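Here is a short briefing to read alongside the model. Keep the viewer open as you go.

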Amino acid sequence: MGKIMLEVKDLKTKYITRFHEDVYSVDGVSLTIEEGKSLGIAGESGCGKSTLALSLMGYYFAPLHYVSGDIIVDGRNISGMNPDDVRKNILGNEIAYIPQAAMNALNPTQKIIRFIEDVIHAHDKSMSKKDIYDMAKERFAILGLPEDVLQKHAVELSGGMKQRTVIAISTILSPKVLIADEPSSALDVTSQKMVIKMMRDLMEKGYIKSMIFITHELPLLYNVTDDIMVMYAGRIVEKASAKDMVFDPLHPYSKGLMGSIIVPEEGVRDHKLTAIPGTPPNLKHPPEGCRFADRCKYATPTCKAMDPQTIELPNGRMYSCLMSERKLREVYANE
Ligand SMILES: Nc1ncnc2c1ncn2[C@@H]1O[C@H](COP(=O)(O)OP(=O)(O)O)[C@@H](O)[C@H]1O
Ligand SMILES: [Mg+2]
């Protein structure tokens, strides 16, 4: 087993709305990522993926609040740390975070090199502009980005180039964990492929030591990540290797997310999402028992009354459902 870069134990966080209501968007999430590994997180819109990404940084501001649990980055527990320390000592160099739609948030009138100076100076005021430029130039070249981008403004870049630039800026300090929230979702297919290639390059070249890739498109993760977790209503319902999750999903929700069109020789092609009837529950009032039960065609009255057990299989695969692996395989085989 490799060195553990990120370990999260039973993390719970919540939003407190203007009307003082609690929204339990991350409700007991645990995960582990080893050095050199990438983890995908998939789930429909509203399942809590972005909230999980924010929560993992240990940097909380209203309306999001930490409730309980541990976040351990390369052996250091950051969950009780004060926000100033997290900002100064963790963000950027230990954990880098690329928020959803990050490319649209770049100040359009600032030169790209200035963003890089900001990231570096937040941690190391002593580095000269010349050294920063040289470092950025080298990193951009290795990642296949043209050097002249450094002197451009965000507004001058195409969507795909802007997104790759954002990723290069965010990872300039070679963080231990990169958390990328839907980094390719807003892009055309060609740009999407380039972004994914760049994320893989960052891992292979050791500029990031581990990665979390979040998307609502489960099949996309097959080519990007080692393991995949599926999130539903603030909880993880299944964790498996990318291959098992994509070709042999066990939890009925993962199975629904995978859709039906799979061409094994070519990986996943034409991945249409099978519409799962209904919508995720409102997290202000999550249902009793299995949160997916209302939408699950196999649910029994027990599912709505009892929390599902989490079953861990010998190969480390895990899923939360009242049905045994054998029973699940049996019902799928009979469809
Ligand atoms: N600022 C907020 N205040 C209250 N609730 C929020 C806020 N942001 C998100 N939520 C709720 O948290 C849940 C998870 O949202 P989010 O993490 O954005 O999901 P995802 O990224 O999977 O689409 C949703 O039910 C959403 O309504
Ligand atoms: Mg999101």
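Ala 233 counts as buried, with 23 C-beta neighbours inside 10 Å; a residue is buried if 20 or more other C-beta atoms lie within 10 Å of its own, exposed if 12 or fewer, and partly exposed in between, with C-beta atoms placed from the backbone. This is a predicted model: local features need pLDDT of at least 70, side-chain atom pairs count only at pLDDT 80 or more, and totals for chains, interfaces and linings use all residues. Residues are numbered from 1 along each chain as its sequence is written, while chains are lettered from A and ligands numbered from 1 in the order in which they are written.

Backbone geometry
- Most residues other than glycine have a negative phi, and most peptide bonds are trans.
- Ala 233 has a positive phi near 50 degrees and is found in the loop between β9 (227-232) and β10 (235-241); helices (H or I, at least four residues) and strands (E, at least two) are DSSP runs, numbered from the N terminus.
- Ala 101, in the loop between β6 and α3, also has a positive phi, of about 60 degrees.
- Ala 101 is partly exposed, with 13 other C-beta atoms within 10 Å.
- The peptide bond from Ala 62 to Pro 63 is cis, with omega near 5 degrees, and Pro 63 sits in the loop between α1 (49-56) and β4 (64-73).

Helix α6
- Nine of the twelve residues of α6 are buried, so this helix is largely enclosed by the rest of the structure.
- The buried residues include Lys 162, Val 166 and Ser 170.
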